[in-house]
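I opened a new notebook page for this chain.

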Amino acid sequence: MPGRSAAPAGFVGALVRRLAMLVLLGLSLSAAANTVQVMVVLSQPAGAQQAVAEALQRAMAGADRKSVKVGNLDDGVDEGTLARADLVIAVGARAASMVVERFQRPTLAVMISRGQWESLRERHPRAALSAILLDQPAERQMRLIGAVLPRGGRIGVLYSTQSGEPDPELARAADAAGLKLVTEAVADAGAVIGSLERLLPNVDALLVLPDPVLSASSPARSILLTSYRFRRPIFAFSRAYVEAGALAAVFSTPDDVAADVADWVRRLTGPVGRQAPRRASSYQLAVNRQVARSLNIGVPADEQLRALLGGGAP
């Protein structure tokens, strides 16, 4: 155009390159700003909890805007990272208590029982806290029991007074399955056998819940031996319990817990606040066929049980 000179080609090229750099820088800063810093804190550095942490890192590998770091109470945690975390995944009751009490960070507690969750929530009613519970959904448990026992069967549930009474959903699910729930409280681990001797003559089977007091090795052994003496099948909450002598269990493995946690994290759309706890979505089934034969109990094939339960891994 008259009166104006064209911009030099070198200037235009430099301007384009600078704009491109600014755009890339802006995208980088935006991604960094949107990165969700996730800290995983374990109550103990080995066993199932460590397996959950490793499975969680695999499950969240490559997830958008997620950065996962792991520490444990025994070896210490990076308190600076923990204090800045957008979300803390606390594995086990000890870790959950420490995080909520000392750091007040948004927390998802996993591998804790319903009783432990309720105790934690009671102590910290305003905390930004949720959980994925060890306890399987009541309906799933009763479907398993109902597939094995006849309608009208009576199901015994032992619980420690420290953990509190069983979830009322269990009784409702039992009624829906045509079963009757009978509960018995235990004051401490030393009272397990006496409580079982009162309970077992009046029931057809025993449902064992992930009660921290009753899950310790000594009371668990008493539960297995006493139930076998009364020839009452046990429905439990872990593969180890089934391998030790329980008849059957629905339970979540470390990979299942990690899958549920990763799904929970992926669904985050804003700040973490107080949320109701979730039951496990992913689960497995185990049946001890040798115990079934010794007790003369007919148990449907695993595939049929899974269909009745509504899924589960093969």
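**Entry: Phe230.** I started in the loop between helix 9 and strand 9, where Phe230 is found. I kept in mind that this is a predicted model. Is Phe230 buried, exposed or partly exposed? Its relative accessibility is 21%. Buried would require under 20%, so Phe230 counts as partly exposed. Next I listed its contacts, leaving out residues up to four places away in sequence. Phe230 touches Glu197, Leu200 and Pro201. I then checked the pair Phe230 and Pro201. They are 29 residues apart in sequence, yet their C-alpha atoms lie 7.4 Å apart in space.

**Entry: Glu184.** I moved to strand 7, which holds Glu184. Glu184 has a relative accessible area of 17%, so I logged Glu184 as buried. What does Glu184 touch, not counting residues up to four places away in sequence? I found Val157, Leu158 and Tyr159, and also Ser195, Arg198 and Leu199.

Entry: I traced six strands in an open sheet, in the order 7-6-8-9-10-11. The pairing is mixed. Which strands are at the edges? They are strand 7 (180-186) and strand 11 (284-287), each pairing on one side only.

I took one pair in detail. Strand 9 (residues 234-236) and strand 10 (residues 248-251) pair in the parallel sense, over two bridges. Phe235 stands opposite Ala248 in strand 10.

Then I looked at what covers these strands. Helix 9 (residues 217-229) lies across strand 6 (154-160), strand 8 (205-207) and strand 9. Helix 9 runs at about 150 degrees to strand 9.

**Entry: nonpolar cores.** The largest nonpolar core has 31 residues. Which of them have the most contacts inside it? I noted Met142, Leu207, Phe235 and Leu247. Among the elements that give two or more residues to this core are helix 6 (138-148), strand 6, helix 7 and strand 8. Helix 12 (289-294) and helix 13 (302-309) are also on that list. Helix 6 supplies the largest share, five residues.

I returned to Phe235 for its contacts, again not counting residues up to four places away in sequence. I found a second, separate core of 22 residues, and its members include Val182, Val192, Ile223 and Ile234.

**Entry: helix 5.** I asked which residues of helix 5 (residues 114-123) are buried. They are Arg114, Gly115, Trp117, Leu120 and Arg121. These buried residues pack against helix 4 (93-102), strand 4 (107-112), strand 5 (129-133) and helix 7 (168-176).

**Entry: helices 2 and 11.** How are helix 2 (residues 47-59) and helix 11 (residues 254-266) packed? Their angle is about 45 degrees and their axes are 8 Å apart. That makes helix 2 oblique to helix 11. Helix 2 passes helix 11 in a right-handed crossing. From helix 2, I listed Ala48, Ala51, Val52, Ala55, Leu56, Arg58 and Ala59 in the contact. Helix 11 contributes Pro254, Asp255, Val257, Ala258, Val261, Ala262 and Arg266.

Definitions and conventions
Residues numbered from 1 in each chain as written. Predicted model: local features only at pLDDT ≥ 70, side-chain atom pairs only at ≥ 80, totals over all residues. Heavy atoms only, no water. Buried < 20%, exposed > 50% of the residue type's maximum accessible area, 1.4 Å probe, protein only. Helix = DSSP H or I, 4+ residues; strand = E, 2+ residues; numbered from the N terminus. Contact = heavy atoms within 4.5 Å. Pairing = 2+ DSSP bridges. Axes fitted to C-alpha atoms, helices over the stretch in contact; angles between N-to-C directions. Core = buried A, V, L, I, M, F, W, Y, C linked by side-chain atoms within 4.5 Å. Parallel < 35°, antiparallel > 145°, perpendicular 65-115°, else oblique. Left-handed = near helix turned anticlockwise from the far one by under 90°.
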